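Me: Can you walk me through this one? I'd like to keep it quick.

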2 protein chains.
Amino acid sequence: MDDRIRRVAILGTGLLGTSIALAAIRAGCEVEGWDLDPDVAERAGGLSGLKPRASLEEAVDHADLVVVATPIPAVASSVVLSLAAAPAAIVTDVASVKASIVSDVRARVGVATSARYVPGHPMGGSERSGPEHASASVVDGIVWVVGADAATDERAAARLAAWIEAIGARPVALTPERHDRLVAIVSHLPQVASSSLMGLAAVEEADEPEILLLAAGGFRDLTRLAASEPALWSEILVANRTEVGAAIDLFIRRLERIRADLDAADATAVKRAFDAAKSARLGLAAKPTVRSGVAVWQVEIPDEPGALARITSVLADGQVNIEDLQIVHSPEGGRGTVHLTVAAENADSAAVVLAAAGYDPTRLA
Amino acid sequence: MDDRIRRVAILGTGLLGTSIALAAIRAGCEVEGWDLDPDVAERAGGLSGLKPRASLEEAVDHADLVVVATPIPAVASSVVLSLAAAPAAIVTDVASVKASIVSDVRARVGVATSARYVPGHPMGGSERSGPEHASASVVDGIVWVVGADAATDERAAARLAAWIEAIGARPVALTPERHDRLVAIVSHLPQVASSSLMGLAAVEEADEPEILLLAAGGFRDLTRLAASEPALWSEILVANRTEVGAAIDLFIRRLERIRADLDAADATAVKRAFDAAKSARLGLAAKPTVRSGVAVWQVEIPDEPGALARITSVLADGQVNIEDLQIVHSPEGGRGTVHLTVAAENADSAAVVLAAAGYDPTRLA
């Protein structure tokens with residue numbers, strides 16, 4: 001028997017819900033949708049082709065799969081209602097924390113009924129919101145965590161993973177606990193560190209207005225995340241507070257170790273820690289969709305209109321896609337240094353086209 | 001009497017020393033140079049027009065200004081030797097820490113003689129090294145700290161500041177103690193935080209290889225500095241260890257405060273801290289040479305060869321200089337979001353040329 005997922009219900013038709021609807025429709029699914037705000041569901045329908053329904057129950061009625069894409073506080077309730085209203089459907093969600101939602105759902109409907117709930121987390125999104133900014137490309141190639149554990153129906157998890165692949169994303173299996181622990185370190189802790197550093201500099205600035213004059217590229221890199229949406233992030237961090245707290249503790253312990261090495265004027269110990277971090281950083285892929293690894297080229301360009309246009313055109317003419325680009329203002333003005341990240345398989349062609357155009361690229365990674 | 005600086009000696013003719021020589025020669029100065037490695041001095045001479053000398057004494061003999069551009073451990077000795085060999089010259093240095101060098105020099109020659117030593121710190125440089133990569137543009141428009149205090153000869157400090165301006169940089173007066181305290185927060189602490197975060201994730205990776213799959217743009221921003229040169233940075237941090245230690249303490253205190261708010265599930269308190277950091281971050285100028293402030297535009301582009309070339313060409317054609325550009329892979333593949341930073345006075349023209357070319361820019365700051 002073919003157990004492909006064909007009929008999908010989306011609950012919450014904002015940017016992410018509507019983007020998933022678009023990707024599912026592209027893959028041949030029939031999609032129905034519901035939103036707490038009927039106007040949002042209507043707009044999502046007009047833009048994406050999903051069929052807006054007047055109630056959650058109506059939307060999930062014929063679904064093989066229900067995708068809960070509501071704000072975090074409404075996720076567990078929406079999952080519970082869907083499990084009851086669609087007794088044969090797989091139910092998943094897209095929240096960026098998992099364990100607390102899983103235990104909430106299990107506490108309310110029991111382990112047997114909740115076996116059809118397969119927690120999910122597509123690691124994508126956009127700074128924008130609303131169905132107007134939705135696009136199927138939001139899910140293209142992204143890592144989409146499938147958070148099954150021992151109590152989850154195995155076949156349901158396998159069907160969900162196959163559907164994720166069919167609509168263009170990349171399923172990665174992680175238990176809810178592992179998911180929460182890992183995102184605490186690579187996503188939630190960076191947010192805390194970035195805001196803390198920016199907050200510290202801002203307080204110092206009251207007494208020392210020159211401080212931000214001295215802030216070069218490195219400080220800007222570290223504080224970029226501090227501009228993220230505070231309401232959204234405080235909600236995510238509180239939902240994952242145990243793991244975020246543990247990650248903060250590990251981070252503080254590392255800071256204290258470097259502090260102790262500095263107190264002892266032990267440059268060798270500090271260098272050893274920095275060496276390990278440097279080699280780990282150089283091995284970090286620029287983005288998850290580049291599976292073969294990446295290469296980073298450093299190139300100097302003049303700091304003037306047209307300089308970036310010229311170097312990016314040179315690479316475009318050579319059919320080299322730029323995976324990442326960073327302008328490093330190490331010499332704070334006058335010229336710029338650019339770090340270009342390309343897929344490892346394009347490393348040589350990038351160098352060849354850059355050199356042919358008169359640039360002098362240095363390979364960093 | 002005209003007290004302009006006309007004759008300059010550069011001690012240590014690596015990338016920064018030779019770049020300063022080039023900028024000084026461009027401004028009409030005569031420059032002599034010396035390096036511990038005679039071959040480096042010869043190469044610097046051939047590339048820049050500075051006259052290489054066989055000894056420190058010979059190089060500083062006729063100088064109005066001696067610029068010590070040696071590695072940190074050799075700075076204080078070179079300053080002391082120069083004060084003795086050139087009894088009328090102003091002596092400055094370019095080290096990225098100041099107070100420990102000042103007190104070392106004063107302890108060795110006394111306050112009276114050391115009054116001619118005016119500590120300096122040009123906040124520029126390059127990831128490269130050696131005179132071959134020197135360029136006068138390394139100093140163009142950079143902030144160059146003049147670290148005079150009450151014991152420094154005022155006229156010497158004023159002459160040095162005038163010369164810094166004459167060769168194209170931007171003198172900023174800060175006492176050695178304030179300088180060290182501020183760079184500890186905006187330069188040295190970010191290095192410690194970045195390496196600590198990367199080291200933490202790398203250790204976790206041994207057990208959880210999936211962790212770096214989940215690492216999106218924010219994590220990459222925060223860990224970029226971890227790829228900096230460990231030998232150089234461990235030396236700088238140890239030289240400024242008291243201030244760096246204090247900055248680490250302040251940072252840990254902020255992290256602990258957020259940790260306590262999370263323990264208490266106090267989303268409002270977390271949001272309050274994030275709000276303050278966000279507004280400070282949005283006010284941070286992209287780079288010090290842009291004095292009028294900056295504007296940041298967010299634009300979506302397809303993730304394919306030529307997309308960056310097209311948008312940067314559009315701005316180049318409109319004569320808009322791009323001060324900073326960041327690719328945000330929030331939807332981890334398929335398309336990209338670009339944050340374009342331009343000078344505030346170009347904010348409107350950037351929007352007009354982008355819109356005319358079919359982009360839909362959103363202003364972030």
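Reply: Chain A has 365 residues, and 60% of them count as buried. Buried means 20 or more other C-beta atoms within 10 Å of the residue's own, exposed means 12 or fewer, and partly exposed is in between, with C-beta atoms placed from the backbone. This is a predicted model: local features need pLDDT of at least 70, side-chain atom pairs count only at pLDDT 80 or more, and totals for chains, interfaces and linings use all residues. Residues are numbered from 1 along each chain as its sequence is written, while chains are lettered from A and ligands numbered from 1 in the order in which they are written.

Me: How many helices and strands does chain A have?

Reply: Chain A has 13 helices and 12 strands. Both are DSSP runs numbered from the N terminus: helices are H or I with at least four residues, strands E with at least two.

Me: And what does the C-alpha trace of chain A span?

Reply: About 65 × 50 × 40 Å along its principal axes.

Me: What share of the chain A contacts with a separation of 6 or more comes from residues 24 or more positions apart?

Reply: 70%. A contact here means C-beta atoms, placed from the backbone, within 7 Å.

Me: Now the interface. How many residues of chain A are in contact with chain B?

Reply: 115 residues of chain A, in contact with 115 residues of chain B. On the chain A side, elements supplying at least two residues each include α8 (217–223), α10 (241–263) and β11 (335–343). The largest share comes from α7(A), with 21 residues.

Me: How does that side of chain A divide into nonpolar, polar and charged?

Reply: 65 nonpolar, 27 polar and 23 charged. Ala, Val, Leu, Ile, Met, Phe, Trp, Tyr, Cys and Pro count as nonpolar; Asp, Glu, Lys and Arg as charged; the others, Gly among them, as polar.

Me: Give me one residue that touches across. What does Ala267(B) touch?

Reply: Ser234(A), Glu235(A) and Val238(A), leaving out residues up to four places away in sequence. Ala267(B) is in helix α11 (residues 267–283) of chain B.

Me: Is Ala267(B) buried or exposed?

Reply: Ala267(B) is buried, because 20 other C-beta atoms lie within 10 Å. Its C-alpha is 18 Å from that of Ser279(B), 12 residues away in sequence.

Me: Switching to cores. Which residues have the most contacts inside the largest nonpolar core?

Reply: Val66(A) and Val66(B), in a core of 217 residues. A nonpolar core is a set of buried Ala, Val, Leu, Ile, Met, Phe, Trp, Tyr and Cys residues joined through C-beta atoms within 7 Å. Another core, of 38 residues, lies apart from it and has Val296(A), Ala307(A), Val338(A) and Val338(B) among its members.

Me: What does Val66(A) touch?

Reply: Beyond residues up to four places away in sequence, its contacts include Leu11(A), Val60(A), Ala86(A) and Val91(A).

Me: Where do the side chains around Val91(A) point?

Reply: In strand β5 (residues 90–93) of chain A, Val91(A) and Asp93(A) point one way, Ile90(A) and Thr92(A) the other. All of them are buried. β5(A) pairs with strand β4 (residues 65–68) of chain A, parallel, over 4 bridges. Pairing takes at least two DSSP bridges between the strands. Leu65(A) has Ile90(A) as its bridge partner.

Me: Over to chain B. What is the strand order in its open sheet of 5 strands?

Reply: β3-β2-β1-β4-β5, with parallel pairing. The edge strands, β3 (51–52) and β5 (90–93), each pair on one side only. In β5(B), Val91(B) stands opposite Val66(B).

Me: And the open sheet of 3 strands? What is its order?

Reply: β6-β7-β8 in chain B, with mixed pairing. β6 (120–122) and β8 (170–173) are the edges. β6(B) pairs with β7 (residues 143–146) in the antiparallel sense over 3 bridges. Gly120(B) has Val146(B) as its partner in β7(B).

Me: Last one, α13 (residues 347–356) of chain B. Which of its residues are buried?

Reply: Ala350(B), Val353(B) and Leu354(B). They cover an arc of only 100° around the axis, so they sit on the same side of α13(B). That arc is taken from the directions from the helix axis to the C-beta atoms. The face turned away from the buried side carries the exposed Asp348(B), Ala355(B) and Ala356(B). Just after α13(B), Gly358(B) takes a positive phi of about 95°.

Definitions and conventions: Two residues are in contact if their C-beta atoms, placed from the backbone, lie within 7 Å.
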